[in-house]
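Let's take a walk through this protein together. Have the sequence and the 3D view open, and we'll go from the whole chain down to single residues.

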Amino acid sequence: MHRSIRASSLAPSSILILLLLTSLAVASDQANPASTPVNFTLNSMDSGDYATNTIISGDFNNDGILDLVTVNATSLSFYKGLGGGKFAPAAKQTLTPNYAAGGAIFAADFNGDGKLDLAVSYGYPGGDSVIILLGNGNGTFTQGTNITVSGVENTIALADFNGDHKPDIAVSSEQDNLTWIYLGNGDGTFKLSDTLTYGGLSLVAGDFNADGKQDLAFSTGNGSSTVGMFLGNGNGTFGSPILATLNFSLGLAVGDFYNNRIQTLAALGGEGGSGNVYIYSLQYSNGQLLVQNQTLIGDFSAGGPYDITGGDLNGDFLFDVFVSGGSINSAAFSAYMLGNGNGTFQALQYPPNNNAGIDALFPFIRDLNYDSRHDAGLAWNSSDISGAEVLINTNATTNCDPPPANKLSVHICAPTSGKTVGKTFTFRGAGNAFSGIAKRMELWIDGKKIGEDLEDQLKITTTLTAGSHTASFVVVDSFDNYTSQSVTFTSTGQ
C-alpha cells in the first residue's frame, strides 16, 4: 500500500515524534535493493548563442504544451514545445545588458495577466540583481521592473512567503552574506519585506517544519562549510538562521527524501581537498537542522558536481536526485541517483550525455511529454556553442497522465465516475500547474483528507466502507494556489 501521512494537521511535538519514528521505520524496511536504471532519450538543442547558464520549463505561449527557455551570453532562447517531448529550434531574443552571469531562473505569472514571466538572477557587480522579464504570451518577453540589492547577488528562490498566493522572491548573496525577501505586489513589481543575515550560493524554498508556511534554506558555497534554514512566519518575515555544518557545502535540493510527507533537503558537499563529493540528507527537528545520512557520489578531484535537484524519476513515489556541474574528460557531467526513501541514495547512474558540452547546469525534473514519467532538462555550455538538453524518460513506472500546463488542473485516472470498487482501492491522479509547478496533490474522500503526495502525481491505497462516496483530488502549485476535481463512486465494502 502506498503510505500517506498528513503531517500538517499535527502539533509540532507530534510532527517531531512522527518524523523520527517514520525515519527509523523507513530506514529499516524501505532501503530498497538496486532499482532498474532509468532509460532516457537525449535531445540537445543549440541556443544560437554561447554561455548558456540556466534553463526553465513552462507554457510560455499558452497552448497547453510545455516549452523551454534558456538565458545565454547576449540573448534569451525560446524553444517552442511541439508535444511528445520535442521542441522547435531556438528563437532568440536579444537581451541588454549581458545577462550571461545569471544563475537561477524561475517562471511565474508576476502581474496576473495569465502569461508566464521570468525572474533571472544576475550575480555580477554593477548590474540589477534580479532581472524581471514580463511574458507576452508568445515566447517573447518585455523588460519589467528589476530588483536591485546592495551587493553581489548569487541566486534566487520563489514561493508565497506571506500567504496572499502571489509569487514572492528571495534574493541571496554569498559574498555579502545576506538574503533579502521581496513580496510580489501582483503587478510585476516587488517590495522589500525582510533582510536576513546569512546568504548563500544555493537558495531553496520549502515547508521544512510542516506548519503550512514557506521557509528558506541556503548553502554558503564552495570553500565554506555552512548550511542554514530560515523558518517563515507566514507574513513575509523570517526567524533567526538555524545552522549546520557540511564540508564544502554546495547545491541544495528540496524533496520528500524520507517518504514521510515532510519536505527535507539533499545537499552536495565535499571532503576538503580529497575530491570526494557526497549527498547529505538534512531535516528540521525541534529547532535544529540535522545532518543525518551521507551517500558518496565519487571522487571529483577535477571539480564538480555542484547543481542538484530532486524528483521521482523511476515512478516508485520515492524522491531521487539529479546532479550536474563540472566535467569529466572535457564532457559535461550529469548523473542521477535513485532514492531509497530513507535519506540515502543508490549508485550513480549516467544518462546519455552531450559530449560537446563542457558544463551541464541547473537540472530540473518535470514530465515534459505528459506520459506520467518525469523527464530531466539541463542547460549545457561550451566555448563556442551552448543550449538546452532534454532527457526524455522512456521506462519509468507510469501512474496517471497529467493534464495540460496552461492552467492549474487535475486529471483523475482512477476511479472513473460511477465505478463500483471493492473495500480496498488505489486512487490515482495527476496534476499540472501554469505558474510554477504542481508541488503537492491531496486525496479527500467525503470531505475528509485521506493523504497526500509531495509531487504532481498521486497514488494512494485505502480501505472504504460500503456505499456511495465522493473522491476529490486537489493539486497545489508553487504559490499555494489550488484547484480540485471530484468523482463519485460506490464501494461494495468487500
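What is the order of the strands in the open sheet of 4 strands? The order is β12-β13-β14-β15, and the pairing is antiparallel. At the edges sit β12 (155–159) and β15 (190–197), each of which pairs on one side only. From one strand to the next, the twist averages 20 degrees. That angle is taken between axes, which are lines fitted to C-alpha atoms (for helices, over the stretch in contact), and it can run from 0 to 180 degrees between N-to-C directions. Strands here are DSSP runs of E with at least two residues, while helices are runs of H or I with at least four, and both are numbered from the N terminus. Two strands count as a pair if DSSP finds at least two bridges between them.

Before going on, a word on what you're looking at. This is a predicted model, so local features need pLDDT of at least 70 and side-chain atom pairs count only at pLDDT 80 or more, while totals for chains, interfaces and linings use all residues. Residues are numbered from 1 along each chain as its sequence is written, and side-chain values use heavy atoms, with hydrogens and water left out.

Let's stay in the sheet a moment. Strands of a sheet pair through backbone hydrogen bonds, either parallel or antiparallel. Take β13 (residues 168–173) and β14 (residues 178–184): they run antiparallel and are joined by 5 bridges.

Now zoom out. The chain holds 37 strands and 1 helix. Of its 494 residues, 60% are buried, meaning under 20% relative accessible area; exposed is over 50%, and partly exposed lies in between (1.4 Å probe, protein chains only). The accessible surface comes to about 17700 Å², with 49% of it belonging to carbon and sulfur atoms. Those areas come from the Shrake-Rupley method with a 1.4 Å probe, and for residues only the protein chains shown count as cover. As for contacts (heavy atoms within 4.5 Å), take those between residues at least 6 apart in sequence: 53% of them join residues at least 24 apart.

Next, some loops. Ala210 lies between β16 (202–206) and β17 (215–219), and it counts as buried because its relative accessible area is 8%. Its C-alpha atom is 9.6 Å from that of Tyr284, a residue 74 places away along the chain.

Ala51 is buried, at 15% relative accessible area.

For a cis peptide bond, look at the step from Ala414 to Pro415, where omega is near 5 degrees. Pro415 is in the loop between β30 (409–414) and β31 (420–421).

Beyond its neighbours within four places in sequence, Thr470 is in contact with residues including Trp444, Asp446 and Phe489. Thr490 is 20 residues from Thr470 in sequence, and their C-alpha atoms are 8.6 Å apart.
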